[in-house]
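Thanks for coming. I will show one structure and walk through a few of its parts.

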Amino acid sequence: MPAALWLRPNSSGFVLSAALVSVSALVTLQEEIQRRRTFAIISHPDAGKTTLTEKLLLYGGAVQLAGSVTARKNQRATTSDWMELEKKRGISISSTVLQFEYSGFRVNLLDTPGHKDFSEDTYRVLTAVDAVIMVIDAGKGVENQTRKLFEVCARRGVPIFTFMNKLDRPARDPIALMDELEAVLGIKSCAMNWPLGNGAEFRGVYDRAEKKVHLFERVVGGKYRAAVNVTGLEDPLVREKLDEQTYATVREQIEMIELAGAGFDHAQVLAGKLTPVFFGSGVNNFGVQLLLDSFLQYSAPPRGRSVPELN
Ligand SMILES: Nc1nc2c(ncn2[C@@H]2O[C@H](COP(=O)(O)OP(=O)(O)O)[C@@H](O)[C@H]2O)c(=O)[nH]1
Ligand SMILES: [Mg+2]
């Protein structure tokens, strides 16, 4: 490169080229940091944490394993999601982190061992995550263990995303479920999508940002990504699929949350003061992709932590 040769005897030329290298290295490092998402799933036992973990892996494609091997050996006898996945899939996961690439993101899902009692291990994991997905059984609402785990996360101010699960079963009123988040957990919530019916009447969700209905198709075993049929709320197909009463109720509810519900506010989500809420059914793969896409878009990359926070 003639220009570099020409500059060679000049010390400022050297400084300049060195500066260029370090700027580009910094840009790469920043990009790498920005595309990382390290999180855990929390829930009361049986709400559907393991099922959701497996579905996220399904969407994440090839399972790549990372992390410490020894940590697992030292764990007391307990069931973790990883152990359940090992049994189910006949694979061996000697790790505390499941890592996968999805849509340009490098996703690290940390396992929280499934103790009945609140444990030191779980606490340790929760101090390492940058965000959390909280799974709630929509038939039951906020349960005891959810509350305890939530409190640990809320204390750190990490973004908390809520998945209202099991909509294919009789569920509580979605507005009541959201009110409960504020009443019991003290966090404001913002519905990202809205369920069309529940139980045997569950037909899908209405995506508020896109103003589109994602129709629910039951898939046996839920081994594959669910095909999604996307359409508008006014589509005769949607009216046809919902009985008149459910359709009217859903329209009314959506109107109500548009008028009176908390709006989406990214800064508040990042501060852990507002939880985006998604409805779906993990075991049926339904609503999982909407959750994952939005979670990756709005949750936080790794950030600096203060020492007191870790104590
Ligand atoms: N009907 C229904 N059952 C579900 C759903 N998600 C999970 N389950 C079932 O609920 C039970 C507990 O789920 P699991 O993922 O093990 O919950 P965890 O204890 O939170 O890890 C299992 O029998 C699951 O098959 C769902 O969306 N609908
Ligand atoms: Mg489990």
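I start with one residue. Leaving out residues up to four places away in sequence, aspartate 130 touches Arg37, Thr38, Phe39, Val158, Ser299, Ala300, Pro301, Pro302 and Arg303; two residues are in contact if their C-beta atoms, placed from the backbone, lie within 7 Å. This is a predicted model, in which local features need pLDDT of at least 70 and side-chain atom pairs count only at pLDDT 80 or more, while totals for chains, interfaces and linings use all residues. Residues are numbered from 1 along each chain as its sequence is written, and chains are lettered from A and ligands numbered from 1 in the order in which they are written.

Aspartate 130 sits in the loop between α6 (120–126) and β5. Helices (H or I, at least four residues) and strands (E, at least two) are DSSP runs, numbered from the N terminus. The cut-offs are 20 or more other C-beta atoms within 10 Å for buried, 12 or fewer for exposed, and partly exposed in between, with C-beta atoms placed from the backbone.

Now the chain as a whole. It has 13 helices and twelve strands, and buried residues make up 33% of its 311 residues. Of the contacts between residues at least 6 apart in sequence, 73% join residues at least 24 apart.

Next, β5 and β6. Strand β5 (residues 131–137) runs parallel to β6, and six bridges join them; strands count as paired if DSSP finds at least two bridges between them. Valine 135 stands opposite phenylalanine 163 in β6. From β5 the chain passes through helix α7 (residues 144–156) to β6 in a right-handed β-α-β crossover, that is, with the strands pointing away from the viewer, the path from the first strand over the helix to the second runs clockwise.

How many residues of strand β6 (residues 160–165) are buried? Six of its six are. In a regular strand the side chains alternate between the two faces of the sheet. Here Ile160, Thr162 and Met164 lie on one side, Phe161, Phe163 and Asn165 on the other, and all are buried. Strand β6 also runs parallel to β12 (residues 274–279), joined by three bridges, with methionine 164 opposite phenylalanine 279.

The largest nonpolar core has 55 residues, and those with the most contacts inside it include Ile42, Val135, Met164 and Phe278. Such a core is a set of buried Ala, Val, Leu, Ile, Met, Phe, Trp, Tyr and Cys residues joined through C-beta atoms within 7 Å. Strand β5 gives the most to this core, with six residues. Setting aside neighbours within four places in sequence, isoleucine 133 contacts Phe39, Ile41, Phe161, Phe163 and Phe295.

Last, a separate topic. Four strands form an open antiparallel sheet in the order β8-β9-β10-β11. Its edge strands, each pairing on one side only, are β8 (193–196) and β11 (229–231). Strands β8 and β9 (residues 204–207) pair over four bridges, and asparagine 193 has aspartate 207 as its bridge partner. Four bridges also join β9 to β10. In their hairpin, with four residues between the strands, lysine 211 takes a positive phi near 55 degrees. Strand β10 (residues 212–215) pairs with β11 over three bridges, and leucine 215 stands opposite asparagine 229.
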